[in-house]
Number of protein chains: 2
Amino acid sequence: MSIIAPLTQTIDMGFQALRDHYLAGSLTPHAVLADIRERAKTFQHYNIWIHLLTEEEVAPYLSALTQKDPATHPLWGIPFAIKDNIDLAGIPTTAACPEFAYTPVESAYVVQKLIEAGAIPVGKTNLDQFATGLNGTRSPYGACHNSFDYDYISGGSSAGSAVAVALGLASFSLGTDTAGSGRVPACFNNLVGVKPSIGLLSAIGMLPACRSLDCMTIFAYNTDDANLALSVAEGFDPRDGYSRANPFANQTRHYGLRQGDLTVGVIPSHQLKFFGDDDYANAYQDTLALLADCGFKFSEIDFAPFDEIAKLLYEGPWVAERYLATQPLIDEQPEVIFPVVREIIAPGGKPPATALFSAQYRINDLKQVCLAQLAKVDCLLTPTAGRHFTIEEMLAKPIQHNSELGYYTNFMNLIDLAAVAVPTTFTARGMPFGITLVGSTFSDRMLLSIANRIQQSLPLPKGALAHRAAPTTTSPIGATDTIDVAVCG
Amino acid sequence: MSIIAPLTQTIDMGFQALRDHYLAGSLTPHAVLADIRERAKTFQHYNIWIHLLTEEEVAPYLSALTQKDPATHPLWGIPFAIKDNIDLAGIPTTAACPEFAYTPVESAYVVQKLIEAGAIPVGKTNLDQFATGLNGTRSPYGACHNSFDYDYISGGSSAGSAVAVALGLASFSLGTDTAGSGRVPACFNNLVGVKPSIGLLSAIGMLPACRSLDCMTIFAYNTDDANLALSVAEGFDPRDGYSRANPFANQTRHYGLRQGDLTVGVIPSHQLKFFGDDDYANAYQDTLALLADCGFKFSEIDFAPFDEIAKLLYEGPWVAERYLATQPLIDEQPEVIFPVVREIIAPGGKPPATALFSAQYRINDLKQVCLAQLAKVDCLLTPTAGRHFTIEEMLAKPIQHNSELGYYTNFMNLIDLAAVAVPTTFTARGMPFGITLVGSTFSDRMLLSIANRIQQSLPLPKGALAHRAAPTTTSPIGATDTIDVAVCG
């Protein structure tokens with residue numbers, strides 16, 4: 001019988017708490033980073049880190065803070081973790097495949113922007129190799145363990161990035177998300193997970209999984225922190241072919257507290273799947289009841305077209321992108337690739353372009369059906385994952401259970417949607433559960449604002465810490481769509 | 001020595017002229033359609049039509065006009081031609097391949113909208129088979145001949161649709177454009193050719209060439225007529241996976257006369273190609289001089305990234321889409337396909353999805369470079385085609401010369417641009433020449449407004465008719481971007 005760990009007693013690692021400490025002089029970034037390294041030892045067997053920065057490696061970032069004014073550097077002294085398929089200058093990027101590793105000269109564009117704003121990198125985190133998985137066990141660095149129950153999966157592929165934040169070893173972290181990797185681990189570790197619209201965060205310096213679908217993502221305790229990190233990180237980057245300008249209505253000023261009536265789309269019972277996890281099924285029903293009490297209204301949407309799209313991701317020709325991303329290794333040294341990952345990627349050279357075009361046509365047709373449904377609601381709301389597996393269960397059926405983990409997440413990037421995963425409750429035995437809000441391209445701030453309302457209404461601990469996560473922002477955003485108008489006469 | 005025909009003496013087939021006749025009672029749609037059928041006999045050897053509607057086939061459309069008020073049906077009695085890869089109910093669609101033919105029960109969405117607005121279908125026009133070509137010679141129905149000089153190519157693939165309008169056998173026509181098929185024939189026949197943003201015109205009822213790139217297009221004498229036909233035809237169609245809502249700034253009310261300073265991007269001399277056609281080279285220089293006199297300013301842009309994109313279209317994996325579009329015929333009866341078309345399409349089953357993804361990545365990267373350049377100018381201006389070939393020349397080198405015809409057009413749909421081809425002058429020996437205005441997605445009305453200014457400044461005959469084409473719209477649209485604002489208090 002596995003045991004849920006008690007909430008971790010540590011300093012409050014939320015942005016505001018750290019800022020308050022820094023301004024009051026009761027803590028320094030140097031002390032916080034030293035404390036993180038010390039506490040990380042306690043969690044060594046969780047396999048969170050592929051590379052935890054040494055005191056010497058962190059030193060330059062801490063020194064640079066002396067040149068930065070906290071008032072103008074919104075992430076001054078905030079520690080963050082980086083999934084190890086995203087570059088940090090001078091530290092190897094492995095993608096959880098040591099034979100693939102290289103040491104980048106430059107940090108990823110987003111990492112660089114965060115550092116410029118004062119954030120301090122803590123380390124590079126463990127992942128399902130080449131970001132191929134949603135569970136966190138597919139790594140030669142060991143399966144990553146859940147922050148609440150060591151016997152359970154962390155979720156993946158952004159495994160270590162989620163667990164690091166949940167256990168207070170970073171205040172936020174960067175993940176990536178092709179099929180759900182930035183959302184599933186948020187659900188399993190009681191975190192907010194932001195999967196932005198494709199192209200909102202530059203992919204320069206991020207290893208591709210499926211380059212046409214990948215997003216960089218953010219894990220944080222609450223929507224305030226997530227929105228702030230996103231605001232710093234986002235920006236058009238012409239070097240990234242998928243980068244897009246963020247439209248006015250989605251800019252950071254439109255983050256707030258979405259008030260008034262809200263109608264969210266939900267999946268009819270016969271299309272819900274919990275794969276035998278009654279705890280999660282109950283937690284989902286509890287969540288809907290809690291949200292109904294907060295004024296949410298529900299409208300059923302047909303999940304069949306979303307599900308058909310989802311199936312095309314792993315069963316269709318997009319695996320060709322994973323094949324491209326691992327060349328030449330997959331051709332020259334296939335034996336060094338983690339077995340289950342190799343099994344998935346190896347056939348990727350085979351599908352013809354005709355199959356890809358056919359699949360794209362089908363997806364575009366289905367997308368129209370999905371968008372027409374989304375247009376009738378403020379957003380779609382789904383469980384983030386249907387079942388929380390133990391590591392043992394996952395290893396027994398690594399392909400089937402991984403596919404089950406993606407039931408509510410795989411469709412998202414194929415039809416260019418935005419999503420925010422947000423914790424809502426705990427199961428009967430005390431494990432975290434959360435839902436995902438889904439909206440059309442560049443609905444990121446709207447989704448974050450609704451998630452903010454959920455967090456205000458349902459205050460929960462911060463990850464696995466003994467601190468509350470409720471965001472502090474109270475600027476209301478009404479249910480009526482509004483637009484700021486500048487009139488020049 | 002080939003002979004340029006004198007301008008055709010017929011009634012003025014422009015929209016306004018016909019409307020005036022109808023309102024004055026000096027002509028009826030019935031009479032105009034009968035006259036067209038009569039005059040069509042004169043041009044039978046031009047191979048314009050695959051199916052010219054009989055009196056009986058046109059009758060129901062003419063009868064329906066009695067139930068329609070000309071005041072509320074903007075195309076009341078206006079005859080139009082339809083490229084034979086677009087469905088007209090009850091008439092075979094052949095794509096210029098009789099063995100492929102089928103008889104659709106319903107008209108294409110766009111055709112239906114035009115008919116509802118009062119337009120009268122004249123017939124189905126000849127094309128490069130399966131819309132695979134830019135020259136108009138690749139058809140078992142015979143090479144389509146140019147409206148100015150019978151020895152010259154019509155341009156294609158929308159060959160008959162352009163020549164029909166140029167010779168006054170229709171007031172406007174529908175073409176399609178994947179690689180330039182809606183622009184090249186406009187240039188060679190002294191017409192406006194509108195290649196709208198992908199998804200502005202529904203593709204439902206249009207046979208695909210490359211379904212991810214195809215656009216339905218409009219040929220007309222001037223921008224007023226083109227804009228009106230476009231306004232009637234356009235509209236979001238959720239059955240078409242590529243259909244998109246037209247943003248406010250591109251709606252028909254934003255068509256007008258673009259006044260004030262205009263800076264257009266032009267290709268530096270060393271990147272211009274006329275493939276030995278000194279007449280066209282001179283006509284292009286004359287055009288720039290004429291436009292400079294009208295207040296156009298020029299700014300050089302680097303054409304290399306556009307050219308690299310263009311090369312990927314015919315040399316890259318997009319041929320897989322043509323393969324899909326001709327299945328199962330290409331597999332089961334390849335011998336019935338026109339030889340040069342078969343030669344192009346047959347290898348389309350071979351490229352792997354990896355090649356397609358790689359090409360898409362490269363195109364996205366190049367697109368950012370192209371868009372950054374376009375952002376600095378009001379639009380890009382290029383020759384529509386570099387050389388006007390005789391039919392004999394074209395048949396001698398069908399692949400090479402076709403590729404040369406696409407030098408200024410092939411890149412367009414791969415990076416989702418809008419374009420308007422507009423005639424600007426005649427060569428020394430009296431053949432038509434024109435340029436293409438190119439802008440970003442949904443710049444259609446802006447381009448039409450600039451083209452309107454060009455037509456007002458450089459009045460030319462209507463196609464090959466002895467009537468002037470200058471549009472009548474004079475509502476000015478200033479150079480400064482403006483937006484209509486509704487303020488609700």
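Hi everyone, let's start with one residue: Arg239(B) sits at 45% relative accessibility, so it counts as partly exposed. Before I go on, please keep in mind that this is a predicted model.

What does Arg239(B) pair with? Its salt-bridge partner is Asp237(B), and the closest N and O atoms are 3.2 Å apart. Asp237(B) has a relative accessibility of 2%, so this end of the pair is buried. As background, side chains of opposite charge can pair when their charged atoms come close. Over all chains, the structure holds 28 salt bridges.

Another one I'd like to show you is in chain B too. Lys124(B) and Asp84(B) form a salt bridge, with 2.8 Å between the closest N and O atoms. This pair links distant parts of the chain, 40 residues apart: Lys124(B) belongs to strand 3 (residues 120-125), while Asp84(B) lies in the loop between strand 2 (79-83) and helix 4 (109-116) of chain B. Are these two buried or exposed? Lys124(B) has a relative accessible area of 0%, so it is buried, and Asp84(B) is buried as well, with 0%.

Now let's move to the interface. How many residues of chain A are in contact with chain B? There are 32 residues of chain A touching 32 residues of chain B. The area buried between the two chains is about 2500 Å², and carbon and sulfur atoms give 61% of that. On the chain A side, Phe357(A), Tyr361(A) and Gln368(A) lose the most area to chain B, and together they make up 27% of what that side buries.

Next, the polar side of the interface. Between chain A and chain B we count 16 residue pairs in polar contact, both residues at pLDDT 80 or more. Helix 10 (319-326) and helix 13 (353-374) of chain A each supply at least two residues of the side that touches chain B. Helix 13 of chain A brings the largest share of that side, ten residues. By type, the residues of this side of chain A divide into 16 nonpolar, ten polar and six charged.

There are two salt bridges between chain A and chain B. One is Arg211(A) with Asp365(B), where the closest N and O atoms are 3.2 Å apart. Asp365(A) forms a salt bridge with Arg211(B), again with the closest N and O atoms 3.2 Å apart. That pair crosses from Asp365(A) in helix 13 of chain A to Arg211(B) in the loop between strand 5 (192-195) and strand 6 (215-220) of chain B. Asp365(A) is partly exposed, because its relative accessibility is 22%; Arg211(B), at 29%, is also partly exposed.

Let's go inside. The largest nonpolar core has 291 residues, and those with the most contacts inside it are Phe172(A), Phe411(A), Phe172(B) and Phe411(B). Leaving out residues up to four places away in sequence, Phe411(A) touches Phe303(A), Phe306(A), Ile309(A), Ala310(A), Leu380(A), Leu417(A) and Val438(A).

My last stop is Tyr255(A), in the loop between helix 7 (223-233) and strand 7 (257-258) of chain A. With a relative accessible area of 8%, Tyr255(A) is buried. Its side chain makes a polar contact with the side chain of Thr223(A), at 2.8 Å.

Note on methods
Residues numbered from 1 in each chain as written. Chains lettered and ligands numbered in written order. Predicted model: local features only at pLDDT ≥ 70, side-chain atom pairs only at ≥ 80, totals over all residues. Heavy atoms only, no water. Contact = heavy atoms within 4.5 Å. Buried area = accessible area lost by both parts, 1.4 Å probe. Salt bridge = Lys/Arg side-chain N within 4 Å of Asp/Glu carboxyl O. Polar contact = N/O pair within 3.5 Å; in protein donor to acceptor, adjacent residues only side chain to side chain. Helix = DSSP H or I, 4+ residues; strand = E, 2+ residues; numbered from the N terminus. Nonpolar A, V, L, I, M, F, W, Y, C, P; charged D, E, K, R; others polar. Buried < 20%, exposed > 50% of the residue type's maximum accessible area, 1.4 Å probe, protein only. Core = buried A, V, L, I, M, F, W, Y, C linked by side-chain atoms within 4.5 Å.
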